[in-house]
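Look over the sequence and the model below. Then follow the report from one region to the next.

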Amino acid sequence: MGATVRGVRARAVLAPLDPPVQTASGEVPNAPLVLVDVTTSDDVVGHAYLFCYTPTVLPALTSLVTELGAAVVGTPAAPRAVEADLRARLRLLRPQGLATMAIAGIDMACWDALARRVALPLVRLLGAEPRPVRAYGSLRSMAPDDVRAEATGLARLGFGAYKVKVGAAGLARDREVIAALREAVGPDAEIAVDYNQTLPVPEAIRRVHSLADEHLLWVEEPTRADDAAGHARIRAAVSTPIQLGESWWGADEMAAGLRADAGDHAMLDVARIGGITGWLRAAPLAHAAGRPVSSHFWPEVSAALLAVTPGAFLLEYLDVAAGVLRRPARVVDGAVVLPDEPGSGVDWDEDAVDRHRA
């Protein structure tokens, strides 16, 4: 008989961020994380974490992981079975938001436990070999001077592409931020920008048109993430590629976005898309639609997933959990290097966890 789930533990931490993550909607000075541990009946422990942007929801998400985890104690520790069980329990709620994230955290920890049980790196368990996964440096700063300083440090890691958040002020400020980034990383680096859903559709069209001479790699979420029709209007009116996907809650929302021709790229967030199981369900949709797939956050797990994803493009290197990890994601020559050891590579620095408990 296979292993069963013996327990699920959830702990809330506020991990240090230096510099803080800035967006047009506000600043994240510390990373609110829920650390998830799934213990199986054969004493294997799998780890995962959830990043929830604001400490306000940390207690609720921690409680939700705990309660959902208790519901699967004694059931087979097979990740797909656990994920299906939890989704079925919440079917009448059409799980999205915190519910999807909680399921995803448990799912990721179950996959980590399975990889550890069979003594394989997660990437090998999923069917590929450990290899460097090309990444882009994702900046946390938005002010031009801060962007210049942060990008100079990121450039030492050898990235060939970068992303910076814009939209805090007008078009002139957007150009100033892009110019500061180019000054730091050189004229040959590829640059993407992220508006974090801040622009009305007509203004988004105007700005993206105006930035055409910047030859951007992509423009990310220029308007509301749930406005697929608006993004389709923007995409039809501009020449710069539009990036969408980090806000898709599961494969169904992804399919709707693809049907609407709302973007040129697909960006999957492993926690929002439904964990590793959800990613494996969703990624083939992007491939069938001819959309390159990039990742959002979670560099450790996302690197393994991109390694097995047809049409994989770029991994986002923005490591919000490094302050509580024993071995944060490692970048060599602009690529995240997958560890050749059992599991996903997520292990806690317990001293740091104790220091930063919320």
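Strand β2 (residues 26–40) and β3 run antiparallel, joined by seven bridges. This is a predicted model: local features need pLDDT of at least 70, side-chain atom pairs count only at pLDDT 80 or more, and totals for chains, interfaces and linings use all residues. Residues are numbered from 1 along each chain as its sequence is written, and side-chain values use heavy atoms, with hydrogens and water left out.

A few terms come first. Helices (H or I, at least four residues) and strands (E, at least two) are DSSP runs, numbered from the N terminus. Two strands pair if DSSP finds at least two bridges between them.

The strands β1 and β2 also run antiparallel, and 14 bridges join them. The open sheet has three strands in the order β1-β2-β3, with antiparallel pairing. β1 (5–23) and β3 (45–51) are the edge strands, each with a single partner, so one side of each has no neighbour in the sheet. From one strand to the next, the twist averages 20°. Angles run from 0 to 180 degrees between N-to-C directions, and axes are lines fitted to C-alpha atoms, for helices over the stretch in contact.

| Residue | Opposite residue | Strand of the opposite residue |
|---|---|---|
| Leu-33 | Phe-51 | β3 |

Two hairpins link the strands. The one from β1 to β2 passes through two residues. The one formed by β2 and β3 has four residues between the strands. In that turn, Asp-43 has a positive phi of about 70°.

Is β2 enclosed or open? β2 is largely enclosed by the rest of the structure, because eleven of its 15 residues are buried. Buried means under 20% relative accessible area, exposed over 50%, and partly exposed in between (1.4 Å probe, protein chains only). Helix α1 (residues 58–71) lies across β1, β2 and β3. The helix runs at about 155° to β1.

Helix α8 covers residues 228–237. Its residues Gly-230, His-231, Ala-232 and Ile-234 are buried. The buried residues of α8 pack against α7 (201–210) and β8 (242–244). Contact means heavy atoms within 4.5 Å.

Asp-261 sits in the loop between α9 (251–259) and β9 (265–269). Asp-261 counts as partly exposed because its relative accessibility is 40%. Leaving aside neighbours within four places in sequence, Asp-261 touches Ala-232, Arg-235 and Arg-291. Asp-261 and Arg-233 are 28 residues apart in sequence, and their C-alpha atoms are 9.2 Å apart in space.

## One cavity

Rolling a probe the size of a water molecule over the atoms shows where empty space is left. On a 1 Å grid over the protein atoms alone, a cavity is a set of points where a 1.4 Å probe fits but cannot get out; lining residues have an atom within 4 Å of a point. A volume is the space filled by probe spheres set on the points.

How many cavities of 30 Å³ or more are there? The count comes to one. The largest cavity holds about 40 Å³ of space. Its lining includes Pro-121, Leu-122, Glu-300 and Ser-344. α4 (122–125) and α11 (299–307) are the elements that give two or more residues to this lining.

Technical notes: On a 1 Å grid over the protein atoms alone, a cavity is a set of points where a 1.4 Å probe fits but cannot get out, and a pocket is an open set with protein on both sides within 12 Å along at least five of seven lines; lining residues have an atom within 4 Å of a point.
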